[in-house]
Amino acid sequence: MKFRPLHDRVLVRRIEAEEKTAGGIIIPDSAQEKPSQGEVVAVGAGQKDDAGKVTALDVQPGDRILFDANNYMNKEVKIDGEDLLIVKEGDILGIMG
């Protein structure tokens, strides 16, 4: 894949939620929330401050993250036939594990 996000943007592959509860009940697609966990695929160089200094991002490709899935600013894209998401670093809530 030849795609590099710009500035403080991060390319994320969603990690799908479980389709069954612990008790074995199958959750239909219409009732499932969009997953808020993902794997970082690519990151931008970082955000520039007023002096032009670039601050590197805290996440790296391969990190498993928790992000705000309900943010309307997140952009869904299809790259090489795969559905991915572009989010700003500020919408990432944390790195898992």
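How many bridges join strand β1 to strand β2? There are 5, linking residues 9-14 with residues 37-43, and the two strands run antiparallel.

## About the model

This is a predicted model, in which local features need pLDDT of at least 70, side-chain atom pairs count only at pLDDT 80 or more, and totals for chains, interfaces and linings use all residues. Residues are numbered from 1 along each chain as its sequence is written, and side-chain values use heavy atoms, leaving out hydrogens and water.

## The sheet

Strands here are DSSP runs (E, at least two residues), numbered from the N terminus, and two strands pair if DSSP finds at least two bridges between them. Follow the open sheet across its 6 strands and you meet β6-β7-β1-β2-β5-β8, with antiparallel pairing. At the edges, β6 (75-79) and β8 (92-96) each pair on one side only.

## Two cores

A nonpolar core is a set of buried Ala, Val, Leu, Ile, Met, Phe, Trp, Tyr and Cys residues joined through side-chain atoms within 4.5 Å; buried means under 20% relative accessible area (1.4 Å probe, protein chains only). The largest one has 12 residues, among them Val10, Val12, Val40, Phe67 and Leu85. Strands β1, β2, β5 (64-67) and β7 (82-88) each give two or more residues to this core. A second, separate core of 5 residues includes Leu11, Ala42, Ile79 and Ile86.

Terms used
Helix = DSSP H or I, 4+ residues; strand = E, 2+ residues; numbered from the N terminus. Buried < 20%, exposed > 50% of the residue type's maximum accessible area, 1.4 Å probe, protein only.
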